Amino acid sequence: MYYGFDIGGTKIAFAVYDGALNLCHEERMSTPGNDYEGLQQLIRSRVEQADARFGARGSGSVGIGFPGVINSHDHSIVAANLPSINGRHLGADLAELLERPVKVDNDANCFLWSEVHQGAADGAGSALGVTIGTGIGGAVYLAGKLIQGRNWLAGEIGHYPLPATMLMKYPELPRPRCGCGRLVCFETYASGTGLERLYHHFHGQRATGHQIVGRFEAHEPHAVETVDCWLEIMAAGLATAISVIDPEVVVLGGGLSGLPALYEQLPLRLPGHLLPGVALPEIRQARFGGAGGVRGAALLNL
């Protein structure tokens with residue numbers, strides 16, 4: 001049996017999968033604030049209950065996904081938005097508590113790992129996973145494995161700069177400061193938050209990403225203009241990653257990944273940002289959607 005935990009700032013998703021990767025159980029619970037001991041005990045209780053329910057007898061494998069990276073020097077967790085685990089050796093501590101190996105990885109990596117197994121990237125030799133939410137998450141799959149990199153930063157496309165060609169094409173674009181402290185990071189334009197920022201900058205109106213998408217689909221002129229710019233920025237940013245990784249497949253997930261225009265327009269716009277004659281990767285929507293993070297965490301032990 002495979003047990004997965006996807007730890008977020010307010011909620012933890014827990015799911016159990018059998019050997020054929022069928023979902024057997026899922027639930028959500030509140031993240032216990034800054035209580036590291038409480039978090040460990042919560043995970044322990046769910047694991048022991050699953051062992052008993054599914055007859056695993058202490059052998060159910062455990063994987064943990066979280067929004068952050070792993071410190072390359074001491075292998076501690078770096079997760080500024082999760083004080084309960086920030087600076088902690090979560091995998092090692094849980095392995096000792098649960099008396100079994102525990103694998104820990106970034107939630108975007110878990111998302112792509114899920115899609116590699118029976119998902120939108122199944123059968124691909126290489127893939128780029130991109131989540132479009134409050135920020136932009138990214139992950140890379142090559143030669144049968146996830147690529148974390150020396151500092152666990154492989155695939156973090158949200159924090160390279162917006163291509164200068166976009167600042168040339170749209171000189172009126174804002175120059176926002178990212179949460180990482182730098183200016184004009186790709187995610188400050190291409191994320192759901194970025195879409196909202198563009199709409200407000202161009203038209204002086206506040207709206208959520210989903211509201212803007214709804215107005216775009218209703219052909220509201222301001223939304224059409226904003227989404228057109230956003231799609232061009234998305235194509236330019238993805239082209240940078242595609243030029244480096246050259247994946248067979250790009251898998252899109254997150255809150256805005258359901259927008260049909262992404263799959264219609266990106267193949268049309270990407271060639272303008274790539275070398276001539278480059279064969280495009282397939283642009284696919286994630287199969288497992290919001291379950292991808294917890295499912296991928298469970299499958300880290302495959």
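Trainee: How many bridges join β8 to β11, and do the two strands run parallel or antiparallel?
Mentor: Keep in mind that this is a predicted model. To read a strand pair, look at the count of bridges and then at the direction. Here β8 and β11 are joined by 5 bridges and run parallel. Within that pair, leucine 128 faces valine 250 of β11.

Trainee: Which strand is joined to β11 by 4 bridges?
Mentor: That is β12, residues 282-285, and this pair runs parallel too. Leucine 252 stands opposite glutamine 285 there.

Trainee: What is the strand order in the open sheet of 5 strands?
Mentor: For a sheet, read the order across it, then the pairing. The order is β3-β2-β1-β4-β7, and the pairing is mixed. β3 (23-30) and β7 (102-106) are the edge strands, each with a single partner, so one side of each has no neighbour in the sheet. On average, neighbouring strands are turned by 15° against each other, direction ignored.

Trainee: How many bridges join β2 to β3?
Mentor: There are 7, and the two strands run antiparallel, with β2 covering residues 11-17. Phenylalanine 14 stands opposite glutamate 27 in β3.

Trainee: Which strands does helix α2 lie across?
Mentor: When a helix packs on a sheet, list the strands and then look at the angle. Helix α2, residues 90-98, lies across β1 (2-7), β4 (61-66) and β7, and runs at about 155° to β7.

Trainee: How many cavities of 30 Å³ or more does a search of the whole structure find?
Mentor: The search finds 1. The volume of the largest cavity is about 30 Å³. Its lining consists of Ala13, Phe14, Ala15, Glu26, Glu27, Arg28, Ala291 and Val294.

Trainee: What is the volume of the largest pocket, and which residues lie nearest its centre?
Mentor: With a pocket, take the volume, then the lining, then the elements behind the lining. The volume is about 1,400 Å³. The lining counts 45 residues, with Pro67, Asp107, Thr131, Gly135 and Gly137 nearest the centre. Among the elements that each supply at least two lining residues are β1, α3 (107-116), β8 (126-132), β9 (136-142) and α10 (292-298). By class, the lining divides into 15 nonpolar, 23 polar and 7 charged residues.

Trainee: Why does valine 227 count as buried?
Mentor: Look at relative accessibility, where buried means under 20%. Valine 227 has 0%, so this residue counts as buried. Valine 227 lies in helix α8, residues 221-245. Leaving aside neighbours within four places in sequence, valine 227 is in contact with Leu195, Ile212, Phe216 and Leu259.

Trainee: How far apart in space are valine 227 and serine 243?
Mentor: They are 24 Å apart, C-alpha to C-alpha, with a separation of 16 residues in sequence.

How values were computed: Residues are numbered from 1 along each chain as its sequence is written. This is a predicted model: local features need pLDDT of at least 70, side-chain atom pairs count only at pLDDT 80 or more; totals for chains, interfaces and linings use all residues. Side-chain values use heavy atoms; hydrogens and water are left out. Two strands pair if DSSP finds at least two bridges between them. Axes are lines fitted to C-alpha atoms, for helices over the stretch in contact, and angles run from 0 to 180 degrees between N-to-C directions. Contact means heavy atoms within 4.5 Å. On a 1 Å grid over the protein atoms alone, a cavity is a set of points where a 1.4 Å probe fits but cannot get out, and a pocket is an open set with protein on both sides within 12 Å along at least five of seven lines; lining residues have an atom within 4 Å of a point. Grid points are joined across faces, edges and corners, and a volume is the space filled by probe spheres set on the points. Ala, Val, Leu, Ile, Met, Phe, Trp, Tyr, Cys and Pro count as nonpolar, Asp, Glu, Lys and Arg as charged, and the others, Gly among them, as polar. Buried means under 20% relative accessible area, exposed over 50%, partly exposed in between (1.4 Å probe, protein chains only).
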